[in-house]
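Here is a short report on helix packing. Please look at the model first.

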Amino acid sequence: MFLNRATLPFYLCLVVCFSSCSEYQQVLKNQDVKAKYDMAEKLYEDGDYKRSNRLFEQIAPKYVGKPQGERVMFFLADSYFQRKDYNMAGYQFERFVKSYPSSDKAAQASFLGAKCYYKLSPNYSLDQTDTDKALAKLQTFINTYTDSEYFPEANQMAKELTTKKERKAYEIAKQFNKLGKFDFTFLTPAIAAFENFITDYPGSVYMEKALYYRFESATEYGINSIERMKPERLNKARTAYEQLKKQYPETEYAEKAEKLLEKINQELPEQPTGRAK
């Protein structure tokens, strides 16, 4: 077979690739820990995280307690991270921080460990266990490494995850509110859920919505109550209206809120209007 100048680089690449693969397989199978370490580090530096990860997995136990152990354990954790295996990466970064708390890489490992759980955090509508873990890890990092270069990003991630949890809590309450339009028994848990939200997330971006829909739920609940319970429940609804107007005088829900307040006044004409001044 004759090679021309156009095809020669291609075949040279194939030779190098097969040679590299063959060398990797040989090192992978032999018992020379130093050879595995040297190749693992080279592959890592070349961005071949899959193959370097496999070698680091093999040699990590051999370097426990040795000077190179810190370097091997960090590369092992980061190679998992680069492969997007965030469960294993998070675990390994946590081990690194516990094993080498004074390491120059401790802050980075703590941050990346928290970022693993951030990456695992699901859509707001799903279970938020990993979100809670991420927030706990991020808070630990933020409290411990205030001067770290990763501090701003950690704060941003924590804010994003907190907003996600707020949305989940808000949407649960809002769902009760929707169901209450067809079955008034759902208005009780709707009011409770909105009140818990207002207490738990005082600075939330969903606060205005929560205050309005609590008022709406309380109004509909009061209006559809038995006569002897109406005064107490509708007065609670008025209080909810006043809190909405106090916190958001120019609320986007002003028109809807005023119409609901008129309904309350029609049900209890002898009561004061409760309008916020």
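Which hand does the crossing of H10 and H11 have? The crossing of H10 and H11 is left-handed; that is, the near helix is turned anticlockwise from the far one by less than a right angle, clockwise being right-handed.

## Basis

This is a predicted model, where local features need pLDDT of at least 70 and side-chain atom pairs pLDDT 80 or more, while totals for chains, interfaces and linings use all residues. Residues are numbered from 1 along each chain as its sequence is written, and side-chain values use heavy atoms, without hydrogens and water.

Helices are DSSP runs (H or I, at least four residues), numbered from the N terminus.

## H10 and H11

Helix H10 spans residues 207–223 and helix H11 residues 230–247. They pack at about 160°, axes 8 Å apart. Axes are lines fitted to C-alpha atoms over the stretch in contact, and angles run from 0 to 180 degrees between N-to-C directions. H10 and H11 are therefore roughly antiparallel (angles over 145 degrees).

The contact (heavy atoms within 4.5 Å) includes Leu211, Phe215 and Ala218 of H10 and Leu234, Ala237 and Tyr241 of H11. Its residues divide into twelve nonpolar, four polar and four charged. Ala, Val, Leu, Ile, Met, Phe, Trp, Tyr, Cys and Pro count as nonpolar, Asp, Glu, Lys and Arg as charged, the others as polar.

## H6 and H7

Helix H6 (residues 106–120) packs against helix H7 (residues 129–144) at about 160°, with axes 8 Å apart. H6 and H7 are therefore roughly antiparallel. H6 passes H7 in a left-handed crossing.

Among the contact residues are Phe111, Ala114 and Tyr118 of H6 and Ala134, Leu138 and Phe141 of H7. The contact of H6 with H7 has nine nonpolar, one polar and three charged residues.

Key. Helix = DSSP H or I, 4+ residues; strand = E, 2+ residues; numbered from the N terminus. Parallel < 35°, antiparallel > 145°, perpendicular 65-115°, else oblique.
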